[in-house]
Amino acid sequence: MRACPPLPRALPTPLGPVKVRRTPDLKTSAGDACCGICHWDEGLIEISADLEDGQAWATLFHEYTHMLLFNAGLNVTLGPTVQESVCDVIGTGMAHLVVQRTLTRPAPR
Ligand SMILES: [Zn+2]
């Protein structure tokens, strides 16, 4: 099985780049262990350094979707339950493209 590429250190958004950081023993502000955190106001996404590569990519795209929803002003409109579902679906789907190398393989002829 081929290894996933490493996570990028930054990602572009329509409102500017966001930094991506792997953090050991990542916790929420309440002290609970978590996989990822989207810091909208800082332009930063933190991903737990303890995740395996596929899960790290899924978490990155999950948090990136949170950032895009925030930038679009939809984070409040959607409500937390719908927003988490949207981020899970997009995060998992986009990570699947990375894990399967769909985005980096040449198109079939
Ligand atoms: Zn979330």
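Two strands count as paired if DSSP finds at least two bridges between them, and helices (H or I, at least four residues) and strands (E, at least two) are DSSP runs, numbered from the N terminus. β1 and β2 pair in the antiparallel sense over two bridges; in one of them, Leu11 has Val18 of β2 as its bridge partner. The hairpin of these two strands has six residues between them, and Gly16 there takes a positive phi near 120°.

A word on what we are looking at. This is a predicted model, in which local features need pLDDT of at least 70, side-chain atom pairs count only at pLDDT 80 or more, and totals for chains, interfaces and linings use all residues. Residues are numbered from 1 along each chain as its sequence is written.

Now the whole chain. It has two helices and four strands, and along the sequence they follow the pattern β-β-β-β-α-α. The C-alpha trace spans about 45 × 30 × 25 Å along its principal axes. For 109 residues, a compact globule would have a radius of gyration near 13 Å, and the chain's 14 Å agrees; that radius is taken over C-alpha atoms, and the globule rule is 2.2 Å times the number of residues to the power 0.38.

On to the sheet. In what order do the four strands of the open sheet run? The order is β1-β2-β4-β3, with mixed pairing. β1 (10-11) and β3 (36-39) stand at the edges with a single partner strand each, so one side of each is left without a neighbour in the sheet. In the parallel sense, β2 and β4 pair over five bridges, and Lys19 stands opposite Leu44 in β4. β3 and β4 (residues 44-48) pair in the antiparallel sense over four bridges. Along that pairing, Cys38 has Ile45 as its bridge partner, while Gly36 stands opposite Ile47. Their hairpin has four residues between the strands, with Gly43 at a positive phi near 65°.

What packs on this sheet? Helix α1 (residues 53-71) does, touching β1, β2 (18-23), β3 and β4. Its direction makes about 25° with that of β3. Contact here means C-beta atoms, placed from the backbone, within 7 Å; axes are lines fitted to C-alpha atoms, for helices over the stretch in contact, and angles run from 0 to 180 degrees between N-to-C directions.

Next, the inside. I call a residue buried if 20 or more other C-beta atoms lie within 10 Å of its own, exposed if 12 or fewer, and partly exposed in between, with C-beta atoms placed from the backbone. A nonpolar core is a set of buried Ala, Val, Leu, Ile, Met, Phe, Trp, Tyr and Cys residues joined through C-beta atoms within 7 Å. The largest one has 13 residues, of which Ile45, Trp57, Leu60, Phe61, Tyr64, Met67 and Ala95 touch the most other members. β4, α1 and α2 (74-99) each supply at least two residues, and the largest share, seven residues, comes from α1. Leaving aside residues up to four places away in sequence, Phe61 touches Ile90, Gly91, Met94 and Ala95.

One last residue to look up on your screens. Most residues other than glycine have a negative phi. Asp25 is not a glycine, yet has a positive phi of about 55°. Where is Asp25 placed? It lies in the loop between β2 and β3, and counts as exposed because it has 8 C-beta neighbours inside 10 Å.

Notes. Two residues are in contact if their C-beta atoms, placed from the backbone, lie within 7 Å.
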